[in-house]
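Hi there,

Please have a look when you get a moment.

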Amino acid sequence: MASSEEDNGGGGVEEKEGGLKLRRPRGSLTTAWLICYNITMTAGWLVLAIAMARFYMDKGTYNGLYKSIQKTLKFFQTFALLEIVHCAVGVVRTSVLVTGVQVSSRIFMVWFITHSIKQIQNEESVILFLVVWTVTEITRYSFYTFTMLNHLPYFIKWARYNLFIILYPVGVVGELLTIYAALPYVKKSGMFSVRLPNKYNVSFDYYYFLLIIMASYIPLFPQLYFHMLRQRRKVLHGEVIVEKDD
């Protein structure tokens, strides 16, 4: 999915006391690591944005753009697997499951769709989700960085909680159209599929797996999107949400 809401930024680890969730401040080492991580990711996606802009200005076309930036994209998007680790070890307070779904969906798009099926790399839908991802990640990681440094400019806060309203659905459309464009090549080549008979007596059809992936956007997208809308109301409009144990 095109959006992500894991807490790589300010705040601390949550503890429960008297039925309420409180925040325990992070240690200085953990804070320093998260600041370095977010600065690195902000810089990485900025490098990607500049490379994409320079390519288009030089060539006047997006054909070949993906090939020119793919190494940078693969590195920084794969590096984001650390965000699942952050959740798992408790240095950020977001659900491992939510973060895992969001990060793994990006990894899947990068490695198992655009990397593996080179015939679709010049599709307009690929450029669409790349642009959305780039703007989203520059905004998100810079938001976390400035939040942890206690110097958050309002325009970054505003962008973090407003741009997703358009970017998230546009990114999802780009991802779905890219997977759809890949279907004929997957069906023809039989890539990643396992046919019977074989010694393990199991079969797997990557073509139908992609159809299932596309269908999974139907229940997942609204949940993540409305979660972001709730976060927006809380942050920009001062709604206080107190969570209690049942």
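Glu 83 counts as buried, at 0% relative accessibility (buried means under 20% relative accessible area, exposed over 50% and partly exposed in between, with a 1.4 Å probe and protein chains only). Its partner is Arg 140: the two form a salt bridge whose closest N and O atoms are 3.6 Å apart (a salt bridge being a side-chain nitrogen of Lys or Arg within 4 Å of a carboxyl oxygen of Asp or Glu). Arg 140 is buried too, with a relative accessible area of 2%. The pair links distant parts of the chain, since Arg 140 sits in helix H5 and Glu 83 in helix H3 (residues 82-89), 57 residues apart. Helices (H or I, at least four residues) and strands (E, at least two) are DSSP runs, numbered from the N terminus.

Before going further, a word on the source: this is a predicted model, where local features need pLDDT of at least 70, side-chain atom pairs count only at pLDDT 80 or more, and totals for chains, interfaces and linings use all residues. Residues are numbered from 1 along each chain as its sequence is written, and side-chain values use heavy atoms, with hydrogens and water left out.

Back to the charged pairs. The whole structure has 4 salt bridges. In one of them, the side chains of Arg 106 and Glu 137 meet at 3.3 Å, N to O. This pair also links distant parts of the chain, with Arg 106 in helix H4 and Glu 137 in helix H5, 31 residues apart. Both Arg 106 and Glu 137 are buried.

Another salt bridge joins the side chains of Arg 195 and Asp 205, at 2.9 Å from N to O. Both residues lie in the loop between H7 and H8, so the pair ties together parts that are 10 residues apart in sequence. Arg 195 is partly exposed, with a relative accessible area of 46%, and Asp 205 is partly exposed at 23%. As for the network, salt bridges that share partners join Glu 83, Arg 106, Glu 137 and Arg 140.

For the overall layout, the protein chain has 8 helices and 2 strands, in the order β-β-α-α-α-α-α-α-α-α along the sequence. Of its 246 residues, 42% are buried.

The structure holds 3 cavities of 30 Å³ or more. On a 1 Å grid over the protein atoms alone, a cavity is a set of points where a 1.4 Å probe fits but cannot get out, while a pocket is an open set with protein on both sides within 12 Å along at least five of seven lines; lining residues have an atom within 4 Å of a point. Grid points are joined across faces, edges and corners, and a volume is the space filled by probe spheres set on the points.

The largest cavity has a volume of about 70 Å³. It is lined by 10 residues, and the closest to its centre are Thr 136, Thr 139, Ala 159, Arg 160 and Phe 164. Helix H5 (124-148), helix H6 (154-160) and helix H7 (164-189) each give two or more residues to this lining, and H5 gives the most, with 3. By class, the lining has 5 nonpolar, 3 polar and 2 charged residues (Ala, Val, Leu, Ile, Met, Phe, Trp, Tyr, Cys and Pro count as nonpolar, Asp, Glu, Lys and Arg as charged, and the others, Gly among them, as polar).

The second largest pocket has about 170 Å³ of space. Among its 11 lining residues, Val 101, Ser 105, Ile 213, Ser 216 and Tyr 217 lie nearest the centre. Helix H4 (96-114) and helix H8 (206-236) each give two or more residues to the lining of this pocket, with the largest share, 5 residues, coming from H4. Its lining has 8 nonpolar, 3 polar and no charged residues.

One helix is also worth a look: H2 has a kink of about 45°, centred on Lys 71 (the bend at a residue is the angle between axes fitted to the seven residues ending there and the seven starting there). The buried residues of H2 include Leu 65, Ile 69, Leu 73 and Phe 76.

Best wishes
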